[in-house]
Amino acid sequence: ECPLCLLPQPPEAFPRLASCSHRSCRACLQQYLCLAVRESRVPVSCPHCPAALQPSDVHRLLPEPALRDKYEEFLLRRLLVADPGPRWCPAPDCRVCLCPVSPSQARFLTTLSCLGLGVPREGCGTEFCYHCRQPWHPDGPCAPTPSLATPTAQLAQPEELAHGEALAQAEAEDIKVCPRCSAFIMKINDGSCNRMNCTVCGCLFCWLCLQEISDVHFLSPSGCTFWGKRPWSRSRRILWQLGMVLGAPMVISLAAGVAVPVITIGIPIYMGRKVLAGGPGSRRSSLSGCQQCLSVTSSVLLSLFVSPIITALTVGVGVPLVLTYVYGTVVLSLCR
């Protein structure tokens, strides 16, 4: 049975993968690979684990030659985006990457030093600056890159300027650049999850501060939150950290005082009700009344023996971790 479509399949319908031992039917793998390549999620991982599929397996399973070419193009783009040297031609519909002859070279033509990602657009010949990636300017220094919040229509009528500025501000909040590869990424600024993953270079970054992050970034006192449109202000962040430092003993004592009796008493009650609530088709229904009473009693007694151990582990591990975070990480952040 295929774990993806849950349909029975013959053994020959499950192709072997070189990256891992997971198996899925050929039809599901082909559909999964087509969707991943069309969404530029390259390298493609196994549908069951994070292991990246080998290019030979992807080529063998992709049904269309156009998708294979697109897969190779995305792989090459991923490789080149990690190198600060190459530059992509900024002309529309031109998919040529230009590699510098030397680090000091500042002028490029699309017909020179090309690394073939397809064929250059016919009659392109675009000249641009190596450093700022703007049109070639031999008589002056590089101009600062225009901000997304800068209105592009400078010659608009006065009554249109207000609308243009509002629209540009909305675009600036919805479109940001990846901190690693500078690819433009769009996200609806509705306060949804701020943990972003660039599909071009695989960079994991925070939408609010645009910094590469780890999984504990939102637990640190940085002012960035999982959800929200803006990070906390400095005053709000300091007040929250002071409240954590001053209120941690009381909160921890209250939480421990509630957790200890709840775990100690709740687990035996839960286990007793679980054993007692066996349905008509369960094994308990065939037992006599004395056997049922003995079964419930034994489960409660066993839970009474186990629940203090679980309580001690929960309090003994959880309280030191919370204290270390509050009086370590939070205090260091306040001292900065």
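Begin by selecting Leu 210, which is found in the loop between strand S9 (204-206) and H5; helices (H or I, at least four residues) and strands (E, at least two) are DSSP runs, numbered from the N terminus. Before going further, note that this is a predicted model, in which local features need pLDDT of at least 70 and side-chain atom pairs count only at pLDDT 80 or more, while totals for chains, interfaces and linings use all residues. Residues are numbered from 1 along each chain as its sequence is written, and side-chain values use heavy atoms, with hydrogens and water left out.

Although Leu 210 is not a glycine, its phi is positive, at about 55°. Most residues other than glycine have a negative phi, and most peptide bonds are trans. Leu 210 counts as partly exposed, at 28% relative accessibility, where buried means under 20% relative accessible area, exposed over 50%, and partly exposed in between (1.4 Å probe, protein chains only).

Next, select Leu 6, in the segment before H1, where phi is near 60°, a positive value in a residue other than glycine. Leu 6 is exposed, with a relative accessible area of 53%.

Now move to the loop between H1 and H2, where Pro 43 lies, and look at the bond joining Val 42 and Pro 43, which is a cis peptide bond with omega of about 0°.

For the following stop, select Leu 33, Val 44, Leu 53, Val 58, Leu 62 and Tyr 71, the residues with the most contacts inside the largest nonpolar core, which has 19 residues. A nonpolar core is a set of buried Ala, Val, Leu, Ile, Met, Phe, Trp, Tyr and Cys residues joined through side-chain atoms within 4.5 Å. Helix H1 (26-38), helix H2 (55-61) and helix H3 (65-81) each supply at least two residues of this core, and H1 gives the most, with six residues.

Turn now to the cysteines. A search of the whole structure finds zero disulfides, a disulfide being a pair of cysteine sulfur atoms within 2.5 Å. Cys 28 is in no disulfide, and its nearest cysteine sulfur, that of Cys 25, is 3.3 Å away. The sulfur of Cys 209 is 3.7 Å from the closest cysteine sulfur, in Cys 206, which is too far for a bond.

Finish with helix H5 (residues 234-276), where Ile 238 has its place. Ile 238 and Leu 334 are 96 residues apart in sequence and 7.0 Å apart in space, C-alpha to C-alpha. Follow the helix to Gly 247, where H5 bends by about 60°, and a proline, Pro 249, follows within four residues; the bend at a residue is the angle between axes fitted to the seven residues ending there and the seven starting there. Among the buried residues of H5 are Arg 237, Met 244, Gly 247 and Ile 252.
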